[in-house]
Amino acid sequence: MIIMMFGITACLYCPQTFLPYKTDVTYFILSSHANYLPDLIRSIQSREVLFYDLAITMSSTGRRLRFKGKVEGFERAFDSFPVIRIFSLYKGNAAHISSIHLHAISLREMSPSTTILCGALLFFLLVSSTLPAASFDCDAGDRAALLKIKKGLGNPRQLNSWIPATNCCNWYHVGCDSQSGRVVSLQLRDTYGVVADKVPAAIGDLPLLQVLALKNMPGLSGPIPRSFAKLRYLAGIFIKNNSINGTIPRFFSNLPELRVIDLSDNKFTGPIPPGLSHGETPFLVLRNNLLTGEIPASYGDVEYTTFDVSHNRLTGSASFLFKNRSRSTFDISLSWNQLEFDITEAALPVKLRTLDVSHNRIRGGVPKALEDNYYMYRLNLSYNQLCGEIPTAGAMEAFGADSFLHNKCLCGPPLPPCRH
């Protein structure tokens with residue numbers, strides 16, 4: 001597909017491109033090609049875009065929706081409500097999208113192995129303006145729920161803008177739908193003054209909430225409230241780096257829109273419930289908790305973009321995660337558990353970028369299929385019970401000894417030679 005931008009013609013699909021660290025070129029319009037929207041969003045997800053501003057015009061109503069966001073550090077752009085909103089909009093509405101306008105700012109250099117639809121990322125406009133304050137009032141019930149949340153967190157100073165009788169759509173950390181005025185995003189982070197022994201149950205009283213983030217609040221403890229089961233529109237939940245404990249709720253599997261879950265760096269205990277994420281491009285991160293038991297085998301039937309259960313106390317097999325090379329799985333981390341299985345014949349996804357299964361009890365040999373994993377830039381098989389000669393052809397030439405140290409009897413480059 002070819003697109004025109006101010007006299008410049010460019011091919012939309014160009015997977016082998018290096019983008020400069022900062023790009024502020026032009027502005028592009030993609031008309032009548034809504035089927036490419038998921039790929040554009042995956043491009044935003046993949047961390048190369050640091051800022052983005054995207055507008056979508058609906059052909060049926062002429063309504064123009066605008067999404068703006070920032071990718072912070074190594075967090076994914078999934079960690080912002082606009083991208084979730086875009087996915088929600090796209091689902092079932094592709095035929096009604098007449099045009100897509102994408103602006104982005106400041107790209108990190110991408111390796112030539114990164115496959116994305118990057119034509120959408122080659123042409124950008126530096127956008128410095130901010131969205132105006134909301135001209136519509138928020139829902140009274142949502143405002144009451146937010147004030148209960150503020151009280152439940154001990155009225156931290158970061159929520160000083162949450163004043164009764166004011167428009168809650170203008171409050172910090174709150175995002176509203178521009179048509180209905182209903183709260184669809186609540187993102188609380190770095191609220192270090194919070195000391196609460198329970199997560200506010202009033203969060204469950206925001207019925208149209210799509211994205212919830214509770215981050216970097218070490219004083220926040222207690223389990224996830226049962227009231228969260230009412231959040232039927234929740235698409236992404238990010239409860240990270242707190243002191244939240246108890247088990248991961250099984251009712252997450254009953255939330256029909258939930259696709260993105262990050263519960264990392266907490267104190268969750270017990271087993272991983274089945275069916276935590278569903279829909280397109282599910283994303284599951286449960287890293288650094290106190291989870292025990294086996295990974296449910298049903299997770300082998302889900303095409304996760306990211307699957308990270310590292311730094312827990314999990315046992316049993318995870319071989320079912322490696323049975324289909326055609327899957328679009330990019331990152332798998334199972335490290336620092338007590339998993340036991342033979343990895344020799346693992347069917348590793350061809351597009352896998354990172355694989356870390358270190359510090360387990362994995363046996364067998366290094367999968368020869370890794371020679372064809374040219375997208376992979378991080379491999380860690382260390383501290384296991386692997387044996388045999390390490391494959392050296394193809395993509396395996398990129399990995400040094402650190403990827404294979406402290407196994408039972410691995411040999412050959414980059415380790416010492418085998419003794420036949």
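Colleague: How many residues does helix α4 have, and what does it reach from its first C-alpha to its last?

Modeller: Helix α4 covers residues 140-152, so to speak: 13 residues, reaching 18 Å from first C-alpha to last, close to the 18 Å expected at 1.5 Å a residue. The expected span is 1.5 Å times one less than the number of residues. Helices here are DSSP runs of H or I with at least four residues, strands are runs of E with at least two, and both are numbered from the N terminus.

Colleague: Where do the numbers come from?

Modeller: This is a predicted model, where local features need pLDDT of at least 70, side-chain atom pairs count only at pLDDT 80 or more, and totals for chains, interfaces and linings use all residues. Residues are numbered from 1 along each chain as its sequence is written, and side-chain values use heavy atoms, with hydrogens and water left out.

Colleague: Which residues of α4 are buried?

Modeller: Asp142, Arg143, Ala145, Leu146, Ile149 and Lys150. Buried means under 20% relative accessible area, exposed over 50%, and partly exposed in between, with a 1.4 Å probe and protein chains only.

Colleague: Why are they on the same side of α4?

Modeller: They cover an arc of only 160° around the axis, which puts them on the same side. The arc is taken from the directions from the helix axis to the C-beta atoms. In general, an α-helix has 3.6 residues a turn, so residues three or four places apart point the same way.

Colleague: And which exposed residues sit on the face turned away?

Modeller: Ala140, Lys148 and Lys151.

Colleague: What covers the buried residues of α4?

Modeller: The cover includes β7 (174-176) and β8 (183-189), going by contact, meaning heavy atoms within 4.5 Å.

Colleague: OK, new topic. How do β7 and β8 pair?

Modeller: In the antiparallel sense, over three bridges; two strands pair if DSSP finds at least two bridges between them. Gly175 stands opposite Ser185 in β8. The two strands form a hairpin with six residues between them, and Gly181 in the turn has a positive phi of about 75°.

Colleague: Is β8 enclosed or open?

Modeller: Largely enclosed by the rest of the structure, because seven of its seven residues are buried. Strand β9 (residues 211-222) runs parallel to β8, joined by five bridges, and Leu188 stands opposite Leu214 in β9.

Colleague: What order do the strands take in the open sheet?

Modeller: β20-β22-β23, with parallel pairing. β20 (363-364) and β23 (409-411) are at the edges with a single partner strand each, so one side of each has no neighbour in the sheet.
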